[in-house]
Amino acid sequence: MAYKLNEKISELEPYQPIEGDYPIRLDANESFLELPEEIHKQVMKNIMDVDFNRYPDPTAKKVCRAFADFHSLDAETVVASNGSDEMLSILISAFLMKGEKLLTIAPDFSMYNFYAHIYENQVVTLQKDENYEISANEIIESAKTEQVKMIMFSNPCNPTGRVMSREEVIKIVEGTDALVVVDEAYMDFCSGSVIDLADKYDNLIVMRTFSKAFRMAGIRLGFAVSGKRITNAIKAVKSPYNVNSMTQAAAFTLLENPDEIRSATEKVIKSRDYLYEKMRGIQAKYPKKISFQESFANFLFIKTDNSRDVFEKLKSRGIIVRYMGENLRITAGSPQENDKLLSAFEEIIKG
Ligand SMILES: *Cc1c(COP(=O)(O)O)cnc(C)c1O
């Protein structure tokens with residue numbers, strides 16, 4: 001008499017973001033901007049009108065149409081989910097048969113491998129080079145040799161901040177029969193999207209999220225954009241009421257203000273560029289101590305000696321960044337947050 005957890009879950013630990021009262025959070029790549037008061041009020045008003053006793057619209061039609069309009073897409077090519085995390089889970093669970101192979105690239109977003117593990121799929125992982133680059137050809141070749149059924153990667157990449165060119169992504173899509181899932185969670189902060197092509201290929205899915213540029217990590221909303229055959233399949237396998245009514249109301253309200261969304265995104269890009277320039281200044285003073293590349297997302301990925309120590313020292317000053325082995329991933333914050341981070345960082349690096 002003893003129920004045993006199966007081996008795929010017995011060793012897992014719940015995801016534990018750093019908790020506690022830290023005045024500066026630069027660890028989760030959220031937007032540092034809150035919604036403007038007017039839009040916030042309108043969101044609250046529209047949530048008041050929600051029929052709480054009724055199930056939500058199962059396909060979040062209004063939101064999908066507004067999101068499609070925002071990107072000049074056909075609304076039929078968009079499916080919404082409870083955060084893009086849910087969509088990743090849906091795609092891996094439904095589009096791969098048990099044991100079929102997923103190709104991922106390292107370093108990349110850890111959830112891809114995580115879901116593949118939960119759904120008992122095999123993972124083939126290719127390593128990027130020391131500049132965090134990998135060629136389309138290498139991916140295509142490996143997909144062929146290993147007979148993978150799905151290729152999944154983020155572009156721009158979390159955590160490296162690097163972006164693969166649109167031409168390279170197209171080359172991958174055209175060079176394989178596998179389903180290619182391009183997670184564009186950070187594509188609002190740069191160019192090179194293939195979202196406009198999702199309807200043109202029968203093996204491409206482009207993922208987007210409301211958690212980063214759209215400033216709404218709290219409502220949990222993600223999207224998959226793909227051709228109608230795949231869109232239909234996703235709708236058929238997702239749980240029917242996956243996006244709740246309050247999320248739909250909030251997202252729709254924000255999407256009624258496309259210019260405001262774009263100007264907020266611009267502010268985040270400015271913040272990232274500021275952080276980058278100032279960090280280059282610190283590096284010029286201590287060239288041996290840190291190294292990093294230009295980022296195309298809303299964070300920097302910085303290699304430093306004793307990264308654990310730097311992380312802990314920042315933390316003790318009330319600043320949380322993401323510790324990732326030899327690297328720290330630092331989200332672009334408000335001007336004040338950036339300045340506090342930069343001066344603390346320099347002091348710590350100086351030693
Ligand atoms: C933040 C992030 C997401 C967004 O996930 P949500 O569940 O929509 O919050 C997806 N992919 C990557 C690579 C991310 O960094």
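**Pockets and ligand site**

Strand S11 contributes the most to the lining of the largest pocket, with four residues; strands are DSSP runs of E of at least two residues and helices runs of H or I of at least four, numbered from the N terminus. The model is predicted, so that local features need pLDDT of at least 70 and side-chain atom pairs pLDDT 80 or more, while totals for chains, interfaces and linings use all residues. Residues are numbered from 1 along each chain as its sequence is written, and side-chain values use heavy atoms, without hydrogens and water.

A pocket is an open set of points on a 1 Å grid over the protein atoms alone, where a 1.4 Å probe fits, with protein on both sides within 12 Å along at least five of seven lines; lining residues have an atom within 4 Å of a point. The largest pocket is lined by 39 residues, and Tyr15, Ala28, Phe109, Arg322 and Arg329 lie nearest its centre. Elements giving two or more residues to this lining are H3, helix H4 (111-118), helix H10 (307-316) and strand S11 (319-324).

The ligand takes up the space of the largest pocket, a placement that requires more than half of its atoms within 2 Å of the grid points. Around the ligand stand 14 residues, the closest being Asp183, Tyr186, Ser211, Lys212 and Arg220, where near means a heavy atom within 4 Å. Helix H3 (residues 83-95) supplies the largest share of this shell, three residues.

Polar contacts are pairs of N or O atoms within 3.5 Å. A polar side-chain atom of Ser211 lies 2.6 Å from a ligand oxygen, and one of Asn158 lies 2.7 Å from a ligand oxygen.

Notes
Polar contact = N/O pair within 3.5 Å; in protein donor to acceptor, adjacent residues only side chain to side chain.
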